[in-house]
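This report describes a structure for a reader who is new to the subject. Please look at the sequence and the structure below before reading on.

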Number of protein chains: 2
Amino acid sequence: MYNIKYYLDRVTEIFDQETFLAEPRELYEPIDYTLRLGGKRIRPTLLLTANALFGGKEEAVRGAALGIETFHNFTLLHDDLMDRSPLRRGQPTVYTKWDENTAILSGDTMFALAWRYFLRQPSPHLQEILQCFNETAIEVCEGQQKDMNFESLSLDKVSLDDYMDMIRQKTAVLLAAALKIGALYANAPDAEIAKLWIFGIHMGLAFQLQDDLLDGYGDTAVFGKKTGQDIRDNKKTFLPLTALRLCSDAQKKELVGLFSSKDNLDEEDKVRRVMALYETIGLRASVEKAIADEFRNATLQLDIIHAEETLKTPLREMLETLNGRKK
Amino acid sequence: MYNIKYYLDRVTEIFDQETFLAEPRELYEPIDYTLRLGGKRIRPTLLLTANALFGGKEEAVRGAALGIETFHNFTLLHDDLMDRSPLRRGQPTVYTKWDENTAILSGDTMFALAWRYFLRQPSPHLQEILQCFNETAIEVCEGQQKDMNFESLSLDKVSLDDYMDMIRQKTAVLLAAALKIGALYANAPDAEIAKLWIFGIHMGLAFQLQDDLLDGYGDTAVFGKKTGQDIRDNKKTFLPLTALRLCSDAQKKELVGLFSSKDNLDEEDKVRRVMALYETIGLRASVEKAIADEFRNATLQLDIIHAEETLKTPLREMLETLNGRKK
């Protein structure tokens, strides 16, 4: 049972046993649709794993596992509406399958349902657990706002620090919170929880940077989506922001220009020119090194956590899976 | 200090002392704007009053008072977006002053901020308090969905029971929850809390039915908005739904027709025809009786609550104020 698949299977079971349909149907059908779409279920899997790491019992964290995934899916639902993304996991998003109002209200309801799941099981640490969840939720909202702010900024007006801060809030803290909450339910010592938190942040950053890398260098057939979409969308990801640091003044000017173009350039030509520039400055190796650094920092934290080595195995496996992922 | 103004002043003070601005400004400015717009602050005032009724201390419920009002304003913010209402309290709504995405995300953040306020203060009843708040939030969402469902239904397809159930969820439960939470923080006995809840539900229903009545019979100068708007919008409120019960078959047909018209009729003529029909069947007296019944039922509950009579005074005053309100 000391592998990540074991915990993922438990999560799948927890979700299969749960009913998401209720009245009025118009409100709950989009919720059921969203939560049944699946996805990687990384957050609840991490939560269960961290709980077991400190001797916790699965029964005590089923609610929290449902809660953290329901919250995550709520943020995706509203993000897809705000970003006007028609597809998620290859399926139509709620606002396209239904409409905008349905996406707004069923999203709001999912946020409340996440709380219902969290409030199901008592814990001597309940207030701390709920505060951790809620402060994380606020950070995720702040991160999403910063991400939207970047859209209207020129590439050279976004600093790499701002970007790292944004993805920490939008992506990494929720992974760290999943681990912390799992550990809190197992009454883990504060010092171990602190290390687990840092582990989660580094893993989350690595995860997002890899997402950025795959957009440029993924294998379309495996990645499941066309590469270069961030370039077409002028998204200020880790790739162009790191590139700026490696560029000559002339290259910098070209890159900033390419990332502010609006339909006045053939899209595929734009992708080719950006990728060629990346090639010239050796961007890929630089980004891969940054990702490897995050993974190494995550591993360093995991190494010093006081817990049974066999119980750490699933988390090491998770790092390896994420590290080697192609999609 | 045994009057409603005392508690309303405390609420005003609590809000004046709180800072709602933070980074990123793009996220928090609309939140600050919304929470500073004021409004009647009925819910936190009820919460403080119920707390004092059972000997609670104001310090213990400041967070909950902020939390319940922040939640209420979050629902208004998203409702205004879903209903495309350009004005609230005479000022532009967030989605018009900023944009739709800002309204979505700052609303989401307000929901999380409401939780932050609730989680500020510990209580031996914290889990029960939070569950009460959250189940109420879910009911408010369900009520909003039912309200939206009514929009696409013909007048004769909405029953009065369905309507009462909708306004119970959308409006009444939050007033009842404000009272219950205030009482829980004061460690009130379960039996008294149960009566307070019923009191709140009746008060909430009376409040909404009066809102419906004022749309038809309010004094425009005092009411602050043009009467007959619900008729122009084909809204299936307590007025037309009660009218159906008093109508002849021919009148029923006429009313259903008027409430399904879309721009194919002069709006003011439509309002006049509906109001004339109401006049013929004596609708106003019938609705006023229903409102009086709700107020009487609320009073009956208040009478049997075991608490000091002087401390009940503010709640009686609140009923009187609501009963006599012209806007």
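At 1.5 Å a residue, the 22 residues of H4(A) should span 32 Å, and the end C-alpha atoms of H4(A) are 31 Å apart, which agrees. The model discussed here is a predicted one. H4(A) is mostly covered, with 21 of its 22 residues buried. After H4(A) comes A:Arg84, which has a positive phi, near 55°.

In chain B, helix H4 covers residues 62-82 and has 21 residues. From its first C-alpha to its last, H4(B) reaches 30 Å, close to the 30 Å expected at 1.5 Å a residue. How many residues of H4(B) are buried? The count is 21 of its 21 residues, and H4(B) is described as mostly covered.

The residue that follows H4(B) is B:Arg84. B:Arg84 has a positive phi of about 55° although it is not a glycine, and it is found in the loop between H4 and strand S1 (87-88) of chain B. Is B:Arg84 buried or exposed? B:Arg84 has 10 C-beta neighbours inside 10 Å and therefore counts as exposed, since the limit for an exposed residue is 12 or fewer.

## The fold of chain A

Chain A contains 16 helices and 2 strands. Its radius of gyration is 20 Å, close to the 20 Å that the globule rule gives for 327 residues, so chain A is as compact as a globular protein of that length. Along its principal axes, the C-alpha trace of chain A spans about 60 × 50 × 35 Å.

Of the 327 residues in chain A, 48% are buried. Among contacts in chain A between residues at least 6 apart in sequence, 75% join residues at least 24 apart.

## The nonpolar core

The largest nonpolar core has 197 residues. Those with the most contacts inside this core are Leu47, Ile181 and Ala183 of chain A, together with B:Leu47, B:Ile181 and B:Ala183. Leaving aside residues up to four places away in sequence, B:Ile181 touches several residues, among them B:Leu47, B:Ala64, B:Ile68 and B:Phe133.

## How the two chains meet

A rotation of 180° with 0.0 Å of shift along its axis superposes chain A on chain B, with an RMSD of 0.0 Å. This is the relation of a two-fold axis. The same surface serves both copies, as 100% of the contact residues of chain A recur in chain B.

In the interface, 31 residues of chain A are in contact with 31 residues of chain B. On the side of chain A that touches chain B, helices H2 (25-36), H4 (62-83), H6 (100-118) and H7 (126-151) each supply at least two residues. The largest share, 14 residues, comes from H7(A). By class, this side of chain A has 17 nonpolar, 9 polar and 5 charged residues.

Not counting residues up to four places away in sequence, B:Asn149 touches A:Pro24 and A:Glu26. With 16 C-beta neighbours inside 10 Å, B:Asn149 counts as partly exposed.

## Local backbone features

A cis peptide bond joins A:Glu23 and A:Pro24, with omega about -5°. A:Pro24 lies in the loop between helix H1 (4-17) and H2 of chain A. In chain B, a cis peptide bond joins B:Glu23 and B:Pro24, and omega is about -5°.

A:Asn234 is not a glycine, yet its phi is positive, about 55°. A:Asn234 is placed in the loop between helix H11 (229-232) and helix H12 (238-246) of chain A.

Key. Residues are numbered from 1 along each chain as its sequence is written. Chains are lettered from A and ligands numbered from 1 in the order in which they are written. This is a predicted model: local features need pLDDT of at least 70, side-chain atom pairs count only at pLDDT 80 or more; totals for chains, interfaces and linings use all residues. Helices (H or I, at least four residues) and strands (E, at least two) are DSSP runs, numbered from the N terminus. The expected span of a helix is 1.5 Å times one less than its number of residues. A residue is buried if 20 or more other C-beta atoms lie within 10 Å of its own, exposed if 12 or fewer, and partly exposed in between; C-beta atoms are placed from the backbone. Two residues are in contact if their C-beta atoms, placed from the backbone, lie within 7 Å. Ala, Val, Leu, Ile, Met, Phe, Trp, Tyr, Cys and Pro count as nonpolar, Asp, Glu, Lys and Arg as charged, and the others, Gly among them, as polar. A nonpolar core is a set of buried Ala, Val, Leu, Ile, Met, Phe, Trp, Tyr and Cys residues joined through C-beta atoms within 7 Å. The radius of gyration is taken over C-alpha atoms; the globule rule is 2.2 Å times the number of residues to the power 0.38. Copies are superposed by least squares on the C-alpha atoms of residues with pLDDT of at least 70 in both.
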